[in-house]
Amino acid sequence: MATKPLITVKNVIKEFRLGKEPVRILKDVSLEIMPEQFVILLGPSGSGKSTLLHTLLGLEHPTSGQVTIAGERLDLKKPDDLARFRLHRIGIVYQKSDWIRSLTVLDNVAFPLAIMGVKRSEREARAMALLKKFDMDQRAKFIPSELSGGQQQKVQLARALVNDPSILVADEPTGNLDTESAEKVMQTFKQLNEEKKLTIIMVTHNMEYVHYASQTIYVRDGKILSGTGTFLS
Amino acid sequence: MKFGYIIYLAASSLRMRKLRSFLTIGGMAIGIGAIVFLVSLGFGLQALIVSRVTNVAAITVLDVSVGASTILKINEESLKKFRALPNVISVSSSISQSGQVVRGESVTDIALYGVQAQYLTIEGVVTNFGTTYTSDDEQSAIVSATAAELLGAKVPQDLLGQKVTMRIVLPDTGPVEQERSLVNTNASTANTNGNTNTSTSSIKTKDVEVKIVGIVPSDNSLAYMPLKIFTDAGITNFNLARVKLDTRENLAAARTAIEAQGYQVDSVADTVGQIDRIFFIFQIVMFIFGLIAMLIASLGAFNTLTVSLLERTREVGIMKSLGTTSRHIYILFLSEALLIGVLGGISGLIVGTAFGELVNYIINRLAARLGGQAVDLFTIPFIFLLIIAGIIILVGLITGLYPARRAAKINALDALRYE
């Protein structure tokens with residue numbers, strides 16, 4: 001195992017303003033995540049786990065504290081630089097699948113590559129290869145909304161992986177799925193973690209999946225309960 | 001993100017909402033089409049009327065006459081003065097006299113014009129039968145169809161090649177005329193002037209035999225003959241001098257110089273200038289009408305883009321979270337607006353031009369049936385096409401800037417929470 005953490009969160013505080021009153025969602029959070037881990041962020045709704053995840057994605061800017069991923073200080077970057085960082089380093093899977101509705105499944109999967117400026121033939125080939133991996137190549141020319149929830153989640157996964165990220169972030173990826181589909185998604189995650197050595201950070205409130213994780217972080221009331229370096233496996 | 005892909009994305013979004021895109025682009029097309037149709041009608045009518053009023057040769061010509069003055073004369077001496085003015089290319093003169101034409105037993109009153117052969121074109125003399133005279137030494141005449149009829153010709157062209165006698169009424173010289181007016185009021189001094197006949201009612205005339213070479217269509221009884229026939233008859237004062245300048249710009253200076261000598265100066269350029277001014281206003285009014293249509297269409301486009309942005313808030317959110325920069329989002333939405341503008345503009349140009357052609361075709365068909373000439377009622381100058389292109393870009397930018405700015409500012413997380 002690598003000795004240097006891939007992700008370091010140091011004394012992060014995040015406040016939102018509700019009217020005039022500032023509400024503190026993350027209260028001095030610190031944690032470290034080593035490369036190639038399968039991390040599950042666990043906690044009840046409203047605990048601040050999603051906010052923590054968004055801070056790791058650079059979608060939420062910490063009120064104070066430091067967020068370092070692969071040596072880059074996210075808390076110091078501008079929104080467009082954060083966008084570029086996500087584009088090249090992180091794959092994202094959301095609970096609810098969102099699509100560019102005017103594009104086909106194939107175009108949606110290839111979209112991150114289009115942002116990078118990869119030429120059409122190459123991005124379509126790479127997107128198609130991933131769709132094939134998830135048995136979705138037959139649906140390549142469909143519009144995403146024509147697919148079932150489980151299928152959409154597979155396509156989302158293909159889109160998250162198309163840019164060859166080193167980190168895969170998933171926000172309640174099984175939340176909208178039936179037990180069987182959810183289990184399949186978890187299996188796929190595990191496989192990616194083991195075979196592709198992908199660092200996975202997954203948010204869930206479902207205790208059932210804890211056994212997949214190599215590190216579990218409990219969040220409650222904006223604080224980490226079992227802190228950094230809690231290795232369960 | 002490459003620009004080609006941004007356009008692809010914008011186009012796919014328009015394709016997805018087919019009916020709405022069609023209506024929005026259709027609105028733009030009607031707006032641009034209305035401008036094209038109305039303004040090209042303005043330009044077409046202007047070109048048509050200017051071409052009817054004048055020919056190109058006449059536009060640099062000043063018509064000099066004595067006006068109401070009884071002292072001023074236009075004679076060889078004054079022509080010489082006109083020729084000496086700067087930028088003057090040539091000076092011609094013409095005479096109009098009343099007279100009679102005699103053919104056998106028939107005698108009819110006629111207005112006689114003395115015009116040099118080379119200036120018949122500027123004078124606007126176009127024959128519909130026969131030809132014009134080509135030399136000033138000819139003893140020829142061009143008569144109007146009405147005069148030919150009065151001379152007993154069944155059809156005017158019967159007279160072509162025939163000889164007739166033109167009886168030119170000789171004018172009195174200046175001083176005589178003044179005395180004559182005295183004579184008219186005081187009969188006792190009538191005989192003091194040796195140049196006139198004893199009777200105040202008798203008029204001096206000169207008969208000239210000419211060959212009719214051409215017929216012009218006119219409702220008046222009139223004839224054109226070489227100027228030399230009149231000068232040979234002893235007429236030394238001209239009614240009109242035509243001073244031709246090298247360019248239209250030099251017209252004003254020459255005009256001032258001639259008017260300073262007391263002459264009255266008229267110019268086709270005045271009329272053309274007036275026509276141009278009137279049509280400029282006409283075109284502006286047309287343009288404003290078109291612009292109103294365009295404005296309504298633009299509001300439609302603006303509405304479409306704003307609604308489309310609201311619908312696609314989550315889409316913007318996912319794009320940003322996947323790594324699209326705000327700048328690219330901005331360009332994407334602006335491109336969509338420009339695409340609507342360009343597609344609407346091109347369709348509008350086609351619709352406006354096609355509609356103009358259709359109306360023109362119908363009018364020409366009617367004109368042909370009623371025996372009129374074919375005309376071109378719609379003209380689109382190149383500069384106007386550039387203006388239209390400018391309007392399209394401008395409207396695209398104006399309708400697109402606000403939604404694009406809003407889209408660029410959207411927070412990805414807020415967008416993903418948006419329902």
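Here's a quick briefing on chain A, its contact with chain B, and how chain B is divided up. Keep in mind that this is a predicted model. Chain A has 233 residues and a radius of gyration of 18 Å, which agrees with what a compact globule of that length would give. Where it meets chain B, the contact draws on 20 residues from chain A and 23 residues from chain B.

**Chain A on its own**

- You'll find 6 helices and 10 strands in chain A.
- The C-alpha trace of chain A spans about 50 × 40 × 35 Å along its principal axes.
- Why call the overall size of chain A globule-like? Because a compact globule with 233 residues would come out near 17 Å in radius of gyration, and chain A sits at 18 Å.

**Where A meets B**

- Chain A puts 20 residues into the contact, and chain B puts in 23 residues.
- On the chain A side, the elements giving two or more residues are helix H2 (79–89) and helix H3 (105–116).
- H2(A) supplies the largest share of that side, with 6 residues.
- Sorted by class, the side of chain A that touches chain B has 11 nonpolar, 3 polar and 6 charged residues.

**Chain B's layout**

- Chain B splits into domain 1 (3–54 + 274–417) and domain 2 (92–235).
- Going by C-alpha atoms, the centres of domain 1 of chain B and domain 2 of chain B are 62 Å apart.

Definitions and conventions: Residues numbered from 1 in each chain as written. Chains lettered and ligands numbered in written order. Predicted model: local features only at pLDDT ≥ 70, side-chain atom pairs only at ≥ 80, totals over all residues. Contact = placed C-beta atoms within 7 Å. Helix = DSSP H or I, 4+ residues; strand = E, 2+ residues; numbered from the N terminus. Nonpolar A, V, L, I, M, F, W, Y, C, P; charged D, E, K, R; others polar. Domains from an automatic or database assignment. Rg over C-alpha atoms; globule rule 2.2 N^0.38 Å.
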